[in-house]
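Please consider the following points alongside the sequence and the model.

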Amino acid sequence: MDAQLPTDFGDWENVTYIEPFVGGGAMLFYMLQRYHNIQHAVINDINPDLVCCYKTVRDQVEMLIESLRNYEQLYLALQTEEDRKDFYMSARSRYNEKSLDSIENTTLFFFLNRTCFNGLYRVNKSGLFNVPFGKYANPTICDPDTLRLDSELLQRVEIANGDFAETFQYAQGNTLFYFDPPYRPLSDTSSFNDYTKEAFNDKAQIRLKEYCDRIHAAGYHFMLSNSDCKGKNEADNFFDILYEAYHIERVWASRNINAIASKRGKLTEILVRNY
């Protein structure tokens, strides 16, 4: 990813780094570890449970580790798949009560992610987590070393919960935005962007592009990733037209989430930059 950053990014001073759709945070943690000139980092997401997770890892990591260890011990002690599925379904119901404290909510967030089908995070229109049970023999539910390292890095990060456009207020000086929004589906059955109850449709994709225009006009830098619709359908020029004023690069990426193993593999994605 370094080749896609501004060529002199490592020489910038007092960098502000902003991710308006933080998701799993892979890019965030990479940037924080590699670029110590990032003085201020801001992450945001519209999913309140995800935001709660990041704040809990940052602020209450030892309590979280203790809670996760307890869940891991209880779950792995169960000998039959039926008992584990019952445990999973009970935990899912508890999580969907939406009245939990931050430790329990984040514990269940991790537990369900590690024991559900394919590690998906998906909710229905009511905002309730609805991924079925996954049949894993020995899932890692508590990873204390990683949690502590993540917590240390997150001490440098401000965490917000809201619409992506609300992140503009944090931009100042040498600012880089990285957008990893819900991807535009390549087919009617390939949409995995329902990780919140709010749909991220083409209208939202257009609103995001207009937000990129605002960032560009203010003199800030942005990079955005999304699916390559044209790679699936040569006639689908949605993003090529939408972002024609910017630099569009197609890169190979792996997709690991698919119910059918043979359909997992490499395909192109787009990277859009204003530099």
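1. The largest cavity has a volume of about 40 Å³, and the structure holds one cavity of 30 Å³ or more. A cavity is, on a 1 Å grid over the protein atoms alone, a set of points where a 1.4 Å probe fits but cannot get out; its lining residues have an atom within 4 Å of a point. Grid points are joined across faces, edges and corners, and the volume is the space filled by probe spheres set on the points. Rolling a probe the size of a water molecule over the atoms shows where empty space is left.

2. This is a predicted model, in which local features need pLDDT of at least 70 and side-chain atom pairs count only at pLDDT 80 or more, while totals for chains, interfaces and linings use all residues. Residues are numbered from 1 along each chain as its sequence is written, and side-chain values use heavy atoms, with hydrogens and water left out.

3. Which residues line the largest cavity? They are Tyr95, Phe109, Leu112, Asn113, Tyr121 and Phe129. The lining divides into five nonpolar residues, one polar and no charged. Here Ala, Val, Leu, Ile, Met, Phe, Trp, Tyr, Cys and Pro count as nonpolar, Asp, Glu, Lys and Arg as charged, and the others, Gly among them, as polar. Helix α5 (residues 102-115) gives the most to this lining, with three residues. Helices (H or I, at least four residues) and strands (E, at least two) are DSSP runs, numbered from the N terminus.

4. Two of the lining residues, Tyr95 and Phe129, also deserve attention as an aromatic pair. A search of the whole structure finds 27 aromatic pairs. The ring centres of Tyr95 and Phe129 are 6.1 Å apart and their planes stand at 90°, so this pair is edge-to-face. Rings of Phe, Tyr and Trp (its six-membered ring) pair if their centres lie within 6.5 Å; planes under 30 degrees apart count as stacked, over 60 as edge-to-face and the rest as tilted. Because Tyr95 lies in helix α4 (residues 81-95) and Phe129 in the loop between α5 and α6 (144-154), the pair ties together parts that are 34 residues apart in sequence. Tyr95 is buried, with a relative accessible area of 1%, and Phe129 is buried at 3%. Buried means under 20% relative accessible area, exposed over 50%, and partly exposed in between (1.4 Å probe, protein chains only).

5. Tyr243 and Tyr246 form a tilted aromatic pair, with 6.5 Å from centre to centre and 55° between the planes. Tyr243 is buried, and so is Tyr246.

6. How many salt bridges are there? The count comes to 15, a salt bridge being a side-chain nitrogen of Lys or Arg within 4 Å of a carboxyl oxygen of Asp or Glu. Side chains of opposite charge can pair when their charged atoms come close. Arg34 and Asp2 meet in one of these bridges, at 3.0 Å from N to O. This pair links distant parts of the chain, with Arg34 in helix α1 (residues 26-34) and Asp2 in the segment before β1 (15-19), 32 residues apart. Arg34 is partly exposed at 48% relative accessibility, and Asp2 is partly exposed at 28%.

7. Lys209 forms a salt bridge with Asp213, the closest N and O atoms being 2.8 Å apart. Both residues lie in helix α7, four residues apart, about one turn of the helix. Is Lys209 buried or exposed? Lys209 is buried, at 18%, whereas Asp213 is partly exposed, at 25%.

8. Strand β4 (residues 175-179) and β5 pair in the parallel sense over four bridges; two strands pair if DSSP finds at least two bridges between them. Met223 in β5 is the bridge partner of Tyr178. Six of the seven residues of β5 (residues 221-227) are buried, so this strand is largely enclosed by the rest of the structure. Phe177 belongs to strand β4 and is buried at 0% relative accessibility. The C-alpha atoms of Phe177 and Met223 are separated by 6.3 Å, although the two residues are 46 apart along the chain.

Note on methods. 1 Å grid on protein atoms, 1.4 Å probe; cavity = no way out; pocket = protein on both sides within 12 Å on 5 of 7 lines; lining within 4 Å.
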